[in-house]
Amino acid sequence: MSIQDNTLRDCRESLHLTQEEVAKAVHVTPKSIYRYENGLGCPNLLTALRISNLFGKSVNELFHLEDSDEPGVVCK
């Protein structure tokens, strides 16, 4: 997975939220949000769903799952 166009960061910034605020809302550490935004890691399914609900976007939109060349592969 890669966040090629910084969708996650753009969503967070458009709501004027810090990484810490998002982390608290979805029950992860701020470091995790940093990693997701920079393509250094990916959330588990529950966290991905919490993030998508927070921003009102689909998991596919936020994490570009449709761009994966391998079926069933979320993170590369």
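Helices (H or I, at least four residues) and strands (E, at least two) are DSSP runs, numbered from the N terminus. With that in hand, here is a set of close-up views. The model is a predicted one, in which local features need pLDDT of at least 70, side-chain atom pairs count only at pLDDT 80 or more, and totals for chains, interfaces and linings use all residues. Residues are numbered from 1 along each chain as its sequence is written, and side-chain values use heavy atoms, with hydrogens and water left out.

**View 1. The chain as a whole has five helices and zero strands.** Reading along the sequence gives the pattern α-α-α-α-α. The chain has 76 residues, and 34% of them count as buried; here buried means under 20% relative accessible area, exposed over 50%, and partly exposed in between (1.4 Å probe, protein chains only). Contact means heavy atoms within 4.5 Å. Take the contacts between residues at least 6 apart in sequence: 53% of these join residues at least 24 apart.

**View 2. The largest nonpolar core has 14 residues.** Such a core is a set of buried Ala, Val, Leu, Ile, Met, Phe, Trp, Tyr and Cys residues joined through side-chain atoms within 4.5 Å. Which residues touch the most other members? They are Leu-8, Ile-33, Ile-51, Phe-55, Leu-62 and Phe-63. At least two residues of this core come from each of helix H1 (7-14), helix H2 (19-26), helix H3 (30-37), helix H4 (45-55) and helix H5 (59-63).

**View 3. Ser-52 sits in helix H4.** Is this residue, Ser-52, buried or exposed? Ser-52 has a relative accessible area of 5%, so it is buried. Setting aside neighbours within four places in sequence, Ser-52 is in contact with Lys-57, Ser-58, Val-59 and Leu-62.

**View 4. Helices H2 and H3 cross at roughly 105 degrees, and their axes come within 8 Å.** H2 is therefore roughly perpendicular to H3. On the H2 side the contact is made by Gln-19, Glu-20, Val-22, Ala-23 and Val-26, and on the H3 side by Pro-30, Ile-33, Tyr-34 and Glu-37. By class, this contact has six nonpolar, one polar and two charged residues. Ala, Val, Leu, Ile, Met, Phe, Trp, Tyr, Cys and Pro count as nonpolar, Asp, Glu, Lys and Arg as charged, and the others, Gly among them, as polar. The axes are lines fitted to C-alpha atoms, for helices over the stretch in contact, with angles running from 0 to 180 degrees between N-to-C directions. Angles under 35 degrees count as roughly parallel, over 145 as roughly antiparallel, 65 to 115 as roughly perpendicular and the rest as oblique.

**View 5. Ile-33 and Pro-30 both belong to helix H3.** Ile-33 is buried, because its relative accessible area is 2%, whereas Pro-30 is partly exposed at 31%. Not counting residues up to four places away in sequence, Ile-33 touches Gln-19, Val-22, Ala-23, Val-26, Val-28 and Ile-51. With that same exclusion, Pro-30 touches Gln-19, Glu-20 and Ala-23. The C-alpha atoms of Pro-30 and Gln-19 are separated by 5.5 Å, with the residues 11 apart along the chain. For Ile-33 and Glu-20, which are 13 residues apart, the C-alpha separation is 8.1 Å.

**View 6. Arg-12 is found in helix H1.** Why does Arg-12 count as buried? Arg-12 counts as buried because its relative accessibility is 9%. Its side chain reaches the backbone oxygen of Leu-17 at 3.0 Å. Beyond neighbours within four places in sequence, Arg-12 is in contact with Leu-17, Thr-18, Gln-19, Val-22, Glu-37 and Phe-55.

**View 7. His-16 and His-27 are found in loops, His-16 between H1 and H2 and His-27 between H2 and H3.** Phi of His-16 is positive, near 60 degrees, in a residue other than glycine. His-27 is not a glycine either, yet has a positive phi of about 65 degrees. His-16 counts as exposed at 71% relative accessibility, and His-27 counts as exposed at 59%.

Terms used. A polar contact is a pair of N or O atoms within 3.5 Å; within protein, one must be able to donate a hydrogen and the other to accept it, and residues adjacent in sequence count only if both atoms are side-chain atoms.
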